Amino acid sequence: MKVTRIAYSARLNPGKYAALVEQARRLGRVRSEVWQRYGSINGVGAGLRDRQVRDRWLADGTHARFGVSANAWKETVRDAMADIAANLAAAKVDVRWAISRRTTDPAERRRMFTALKADQWADDPFLSRQMRKHWMRGRNRTHDQIVVRADKYNTAVDGRGRLWLAIPGLEPRKMVRIPLSTTVAPTGTLRLILRGGRVQVHYQIDAATMRSSQRPCGEATMGVDKGYTEALTDSDGQPHGEQLGDLLTRESDRLKERNRRRAKLRSIANSAAGRGDHAKAHRIKANNLGTVKRDRQAARHRARVRTEIFTAVHEVVDKAATVMAEDLTKRFTGRKKLSKNVNRRLAAWTKGVTAEALKSVSERRGSALVHVNAAYTSQTCHRCGRFGRRSGDRFHCTPCGVVWQADVNAAINILHRAGDPDIALHTPHHKVKQILQDRTDRHRTRLPVQDSSPATTGRRANYPNRSTMSNK
């Protein structure tokens, strides 16, 4: 397993940065050309490979239009083709869901799945229609990246102990030397991203070499529930990542106030420009409405949030050999209308980072991650299985007469859901609700076993049917 690490430039010369920006701009044109020509059914959809594209461009002279070195544009072509292929694979996932909803015939499903996997979906009207719906024709918006092959750069340490990275520039046989803020030399293929006057050097390392990967996992089987106040709450009742809510709330409130002030300054600048005072408008936009400081603050906030979430997941894996969790990559929908303030805070909710952390940490440390269907786990009581009322961090169960901590109750329900024979991972939420309601009705009415004989019906009717399975 590979993980990505980022090194940053330190006090980079403005002239060098400008040269790198120009190189990235030209390579952005290469990406745009690839997406325009091959981001469709006749390109990657027909099985075209990046080596074939490179051979075509060398034969017809397309490569000469970009004014970059051969290795630079070839690596960019390879990277862009990989992006298109990933876009296609994501569309196929949605089409597979559409196939499952369309038919229950195993033979027909198998035929469609085979055609989709072999990229022969253009001949099937249904598959073709679904692919046109989900595989939108892409457009390149990346003009700030440079991909450097592993054998085309070198690193060196100067007399003061500072690490320098030398990469090919626009001029032949002339390298651009970048000072880095780290002492660990990057390895493998590099991706340079130019933002805010700095160079971010992205590279991958083997996760097995990381110190955190050497930590053993626990032995328990545990359910976890994702929260806003804390990153995770396990089925033992222990919260993890308790500072997450404060981080998200403070950042949300800071952005609200900052954007209010920026809107006021933007209005003043627009008014000045309307009066003809363009000098004042330019000063306000140049000195008060920039993005460099804003982007750096956002990057620091994202780093703090990731640290808090990954630390919380490590704490869970320290206890558990098997982690039961909701599939956080699925899209959430709801009908309840919330205030602007709440919506703004929930927009920063980091369920994607939590999903990444659960997958990455579990895989690196040898713990099993099991996704379960979490529909209504936060709305039912883990003791009696009946629907209750959630208010903030409390769950009120009227039949039991108990108030539970809401996240702990949901985590226990997620743990129990893993062994539920009636509710599979992809069972629709309305069917899950019906199953849970049927179980509640049987408990409430104390129905006898359905196949009871007349001789034993009266005796068995005196006892409730406490089975956790629905009628079949």
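A residue counts as buried under 20% relative accessible area, as exposed over 50%, and as partly exposed in between. By that scale Asp 119, with a relative accessible area of 28%, is partly exposed. The model described here is a predicted one, and the values below are computed from it.

**Overall picture**

The protein is built with 13 helices and 15 strands. Of its 472 residues, 38% count as buried, and the protein exposes about 27200 Å², of which carbon and sulfur atoms supply 49%. When contacts between residues at least 6 apart in sequence are considered, 65% of them join residues at least 24 apart.

**Two loop residues with positive phi**

Most residues other than glycine have a negative phi. Against that background, two loop residues can be described together. Asp 119 lies in the loop that runs between helix H4 (106-117) and helix H5 (125-134), and its phi is near 55 degrees, a positive value in a residue other than glycine. Arg 173 is found in the loop between strand S4 (163-168) and strand S5 (175-179), and its phi, near 60 degrees, is likewise positive in a residue other than glycine. Arg 173 is classed as exposed because its relative accessible area is 83%.

**Helix H8 and the positive patch**

On the surface, Arg 250, Lys 293, Arg 296, Arg 300 and Arg 304 gather in a patch of positive charge. Helix H8, which spans residues 292-319, contributes four residues, the largest share of this patch. Arg 300 is one of the patch residues and lies in helix H8; its relative accessibility is 47%, so Arg 300 counts as partly exposed.

Ser 362 lies in helix H10, which covers residues 351-365. Why does Ser 362 count as buried? Its relative accessibility is 2%, and the class of buried residues takes in values under 20%. Leaving aside neighbours within four places in sequence, Ser 362 is in contact with Val 317, Ala 357, Ser 367 and Leu 369.

**Accessibility of the residues discussed**

The table sets out the relative accessible area and class of each residue treated individually above.

| Residue | Relative accessible area | Class |
|---|---|---|
| Asp 119 | 28% | partly exposed |
| Arg 173 | 83% | exposed |
| Arg 300 | 47% | partly exposed |
| Ser 362 | 2% | buried |

Notes:
Residues are numbered from 1 along each chain as its sequence is written. This is a predicted model: local features need pLDDT of at least 70, side-chain atom pairs count only at pLDDT 80 or more; totals for chains, interfaces and linings use all residues. Side-chain values use heavy atoms; hydrogens and water are left out. Patches are made of residues with over 30% relative accessible area and no salt bridge: like charges are joined within 9 Å, nonpolar side chains (Val, Leu, Ile, Met, Phe, Trp, Tyr) within 5 Å. Accessible areas come from the Shrake-Rupley method with a 1.4 Å probe; for residues, only the protein chains shown count as cover. A salt bridge is a side-chain nitrogen of Lys or Arg within 4 Å of a carboxyl oxygen of Asp or Glu. Lys and Arg count as positive and Asp and Glu as negative; His and the chain ends are not counted. The place of a charge is taken as NZ of Lys, CZ of Arg, CG of Asp or CD of Glu. Buried means under 20% relative accessible area, exposed over 50%, partly exposed in between (1.4 Å probe, protein chains only). Contact means heavy atoms within 4.5 Å.
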